[in-house]
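Q: I have this one open in the viewer and want to go through it piece by piece. Can we start with the strands?

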Amino acid sequence: MLSRKFERAKRDNPGLSDLLDELMQYLERQQQSGQHFFLPKLAAAKLRLNDGEAYVLLEVLARAGVLTRAFNVYCKKSGALLATVSSEDKLNDIPHCDECDEDHERDGLRLELAFQFPSARDIGMAA
Ligand SMILES: [Zn+2]
């Protein structure tokens, strides 16, 4: 099912087809090695693109339904990863920060955009 969406994304973006193939291979390797979140800057370094270009490619896949967006949520003070949420509206239930021993408000958090393969549950919700 994902591969059909991927083929469609390539068809819709013929100029990006080779790069999308390279990106997809990279993402699958990452996934196999236990990395479930893909960051534009890491993909950029791997594919020798700039961050903006890698972001555009990841966005193409997100729009095609091959990937979904997520946010890694960090404590701004300590840099600890507190949670990963699927949208910014979910920032209300960020777990207690053990590093600072407090519940951070939005301005104490740093967000990092990431992408992931959709979980079975997300696919069900999108249908
Ligand atoms: Zn903290």
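Predicted model: local features only at pLDDT ≥ 70, side-chain atom pairs only at ≥ 80, totals over all residues.

Q: How many bridges join β1 to β2, and which way do the two run?
A: Strand β1, residues 68–75, is joined to β2 by 4 bridges, and the two run antiparallel.

Q: Which residue in β2 is the bridge partner of Phe71?
A: Val85 is the bridge partner of Phe71. Asn72 in turn stands opposite Thr84 in β2.

Q: And how many residues sit between β1 and β2 in the hairpin?
A: The hairpin formed by β1 and β2 has 5 residues between the strands. Gly79 is in that turn, with a positive phi of about 80°.

Q: What is the strand order in the sheet?
A: The order is β2-β1-β3, in an open sheet of 3 strands with antiparallel pairing. The edge strands are β2 (81–85) and β3 (109–116), each of which pairs on one side only. From one strand to the next, the twist averages 25°.

Q: Let me zoom out. How many helices and strands does the protein chain have?
A: There are 5 helices and 3 strands in the protein chain. Starting at the N terminus, the elements run α-α-α-α-β-β-β-α.

Q: What box do the C-alpha atoms fill?
A: Along the principal axes, the C-alpha atoms of the protein chain fill a box of roughly 50 × 35 × 25 Å.

Q: What share of the residues is buried?
A: Buried residues account for 16% of the 127 residues in the protein chain.

Q: Switching to helices. At what angle do the axes of α3 and α4 cross?
A: The axes of α3 (residues 40–47) and α4 (residues 51–63) cross at roughly 110° and come within 8 Å. That angle makes α3 roughly perpendicular to α4.

Q: Which residues meet there?
A: On the α3 side they are Pro40, Lys41, Ala43, Ala44 and Leu47, and these meet Asp51, Glu53, Ala54, Tyr55 and Leu58 in α4. By class, this contact of α3 with α4 has 7 nonpolar residues, 3 charged and no polar ones.

Q: Which helix is Ala62 in?
A: Ala62 is found in helix α4.

Q: Why does Ala62 count as partly exposed?
A: Because Ala62 has 16 C-beta neighbours inside 10 Å. A residue needs 20 or more to be buried, and 12 or fewer to be exposed.

Q: What is Ala62 in contact with, apart from its neighbours within four places in sequence?
A: Ala62 is in contact with Leu67, Thr68, Arg69 and Phe115. Between Ala62 and Phe115 there are 7.8 Å from C-alpha to C-alpha, while in sequence the two are 53 residues apart.

Q: Last topic, the domains. Where are the bounds?
A: The domain assignment gives domain 1 as 2–63 and domain 2 as 68–116. The centres of domain 1 and domain 2, taken over C-alpha atoms, are separated by 24 Å.

Q: How many residues does the contact take from domain 1 and from domain 2?
A: The contact takes 7 residues from domain 1 and 10 residues from domain 2. On the side of domain 1 that touches domain 2, the residues divide into 6 nonpolar, 1 polar and no charged.

Definitions and conventions. Residues numbered from 1 in each chain as written. Axes fitted to C-alpha atoms, helices over the stretch in contact; angles between N-to-C directions. Parallel < 35°, antiparallel > 145°, perpendicular 65-115°, else oblique. Contact = placed C-beta atoms within 7 Å. Nonpolar A, V, L, I, M, F, W, Y, C, P; charged D, E, K, R; others polar. Domains from an automatic or database assignment. Pairing = 2+ DSSP bridges.
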